[in-house]
Amino acid sequence: MSSSVSQRLKGKTILITGASSGIGKATALEFARTSPEDLKLILTARRIDTLKEIAAEIEGFAKGVKVLPVKLDVSNPKEVAGLVDGLPAEFKEVDVLVNNAGLVKGVAQAPSIAAEDIDVMFATNVTGLINVTQAILPIFKNRPDGGRGDIINIGSIAGREPYQGGSIYCATKAAVRSFTDALRRELIASRIRVIEIDPGQVETEFSVVRFYGDKDKAKKVYEGVEPLTPDDIAEVVVFTAGRRENVVIADTLIFPNHQAAATVMHRKTQ
Ligand SMILES: NC(=O)c1ccc[n+]([C@@H]2O[C@H](COP(=O)([O-])OP(=O)(O)OC[C@H]3O[C@@H](n4cnc5c(N)ncnc54)[C@H](OP(=O)(O)O)[C@@H]3O)[C@@H](O)[C@H]2O)c1
């Protein structure tokens with residue numbers, strides 16, 4: 001990443017949800033690599049021990065980066081409501097919010113979708129993302145010119161293109177898309193940038209979670225294809241945050257080379 005990007009990110013405080021794995025973890029590392037001299041990272045997720053390990057890794061190579069691991073379940077409105085009050089003073093002035101925490105559960109189709117899967121997907125991907133945004137937005141709006149800061153929402157190709165066996169996940173990501181677009185319009189009189197990044201297929205723990213921990217089933221998803229890596233998406237996140245303030249990369253869709261739509265993949269056979 002160019003030095004102008006590291007200059008623009010210098011001194012910023014960045015809060016990432018779902019930073020314990022996959023895209024969120026890669027994003028934390030990429031921000032630290034891009035601006036190693038002077039940055040504050042607030043890493044949140046439910047697995048606090050994993051966050052602490054990531055914090056130690058970052059502080060090992062980026063001496064100017066201060067990392068605060070915070071245990072946060074975004075699907076718990078009470079925890080989210082206490083998030084900002086619980087931050088130490090030096091981490092309170094958040095500049096960039098990366099709403100990344102999210103998950104998919106199962107491949108069931110209506111009318112056989114488990115009620116708890118429906119609830120956890122909406123509570124995490126939709127209500128969680130909205131609640132975290134509402135918790136952080138007052139910090140942004142308090143700044144001059146109607147407000148300043150970046151909200152970077154991780155959507156999905158699934159939010160643009162529903163597929164069988166993904167109806168609830170697709171609905172949650174479509175909701176993220178609508179919320180993001182409405183927010184950008186609502187904040188038009190400010191300097192707050194509202195950014196959506198929609199990945200196609202990325203190999204993370206995502207499919208392991210979808211198949212309730214069954215790693216063999218998860219592996220099959222990537223057979224014969226070369227998925228994106230979490231770093232591929234992290235680079236785009238940092239790119240959007242590192243633009244000149246007047247530039248808003250409002251919307252991106254990122255596929256690996258073999259993918260042309262949610263269900264259009266070219267698989268190599270042996
Ligand atoms: N992988 C893909 O193909 C793909 C494609 C398009 C979009 N996405 C989106 O990318 C985002 C990141 O997913 P990923 O692929 O990186 O999957 P991942 O490796 O499973 O990571 C998901 C992250 O979300 C966190 N999370 C889950 N539920 C949470 C909760 N209730 N509260 C707080 N954090 C929670 C997890 O942390 P804890 O378990 O520690 O809480 C983890 O850090 C998601 O929004 C996903 O929908 C993924």
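Trainee: Where is the place of Pro 111?

Mentor: Pro 111 sits in the loop between β4 and α5. Keep in mind that this is a predicted model.

Trainee: OK, and which residue does a cis peptide bond join to Pro 111?

Mentor: That's Ala 110, and omega for the bond is about 10 degrees.

Trainee: Let's zoom out. How many helices and strands does the protein have?

Mentor: Nine helices and nine strands.

Trainee: What does the radius of gyration come to, and what would a compact globule have?

Mentor: The protein has 18 Å, and a compact globule with 270 residues would be near 18 Å, so the two agree. Along the principal axes, the C-alpha trace spans about 50 × 35 × 35 Å.

Trainee: And what share of the residues is buried?

Mentor: Buried residues make up 42% of the 270. As for contacts with a separation of 6 or more, 76% of them are between residues 24 or more positions apart.

Trainee: On to the ligand. Which residues come nearest?

Mentor: Gly 18, Gly 22, Arg 46, Arg 47 and Gly 102, out of 30 residues around the ligand.

Trainee: How does that shell divide into nonpolar, polar and charged?

Mentor: You get twelve nonpolar residues, 14 polar and four charged.

Trainee: Which helix gives the most to the shell?

Mentor: α2, with three residues. Helices α2 (22–34), α5 (115–141) and α7 (206–210) each supply at least two.

Trainee: Tell me about α5, then. How many residues does it have, and what span does it reach?

Mentor: α5 has 27 residues and reaches 37 Å from its first C-alpha to its last, close to the expected 39 Å. There's a bend of about 35 degrees at Thr 127.

Trainee: What about Val 126, buried or exposed?

Mentor: Val 126, which is in helix α5, counts as buried because it has 20 C-beta neighbours inside 10 Å.

Trainee: And which residues does Val 126 touch, not counting those up to four places away in sequence?

Mentor: Thr 172, Ala 175 and Val 176. Val 176 is 50 residues away from Val 126 in sequence, yet their C-alphas are 6.2 Å apart in space.

Trainee: Switching to α9. Which of its residues are buried?

Mentor: Pro 230, Ile 233, Ala 234, Val 236, Val 237, Val 238, Thr 240 and Ala 241. What covers them includes α1 (3–9), α2, β4 (96–99), β5 (148–154), β6 (191–199) and β7 (251–254). The helix itself runs over residues 230–241 and reaches 17 Å, close to the 16 Å expected.

Trainee: You mentioned α1. Why does Val 5 count as partly exposed?

Mentor: Val 5 is in helix α1, and it counts as partly exposed because it has 17 C-beta neighbours inside 10 Å. Leaving aside neighbours within four places in sequence, Val 5 is in contact with Thr 34 and Gly 242. Val 5 and Arg 243 are 238 residues apart in sequence but 6.9 Å apart in space, C-alpha to C-alpha.

Trainee: Last topic, backbone angles. What is phi of Asp 145?

Mentor: Near 65 degrees, a positive value in a residue other than glycine. Asp 145 lies in the loop between α5 and β5, and it counts as exposed because it has 10 C-beta neighbours inside 10 Å.

Trainee: And where does Tyr 212 lie?

Mentor: In the loop between α7 and α8 (215–220). Tyr 212 has a positive phi of about 55 degrees, although it is not a glycine. With 11 C-beta neighbours inside 10 Å, Tyr 212 counts as exposed.

Conventions:
Residues numbered from 1 in each chain as written. Predicted model: local features only at pLDDT ≥ 70, side-chain atom pairs only at ≥ 80, totals over all residues. Near = placed C-beta within 6 Å. Helix = DSSP H or I, 4+ residues; strand = E, 2+ residues; numbered from the N terminus. Nonpolar A, V, L, I, M, F, W, Y, C, P; charged D, E, K, R; others polar. Rg over C-alpha atoms; globule rule 2.2 N^0.38 Å. Buried ≥ 20, exposed ≤ 12 C-beta atoms within 10 Å, placed from the backbone. Contact = placed C-beta atoms within 7 Å. Expected span 1.5 Å × (residues − 1). Bend = angle between axes of the 7 residues up to and from the residue.
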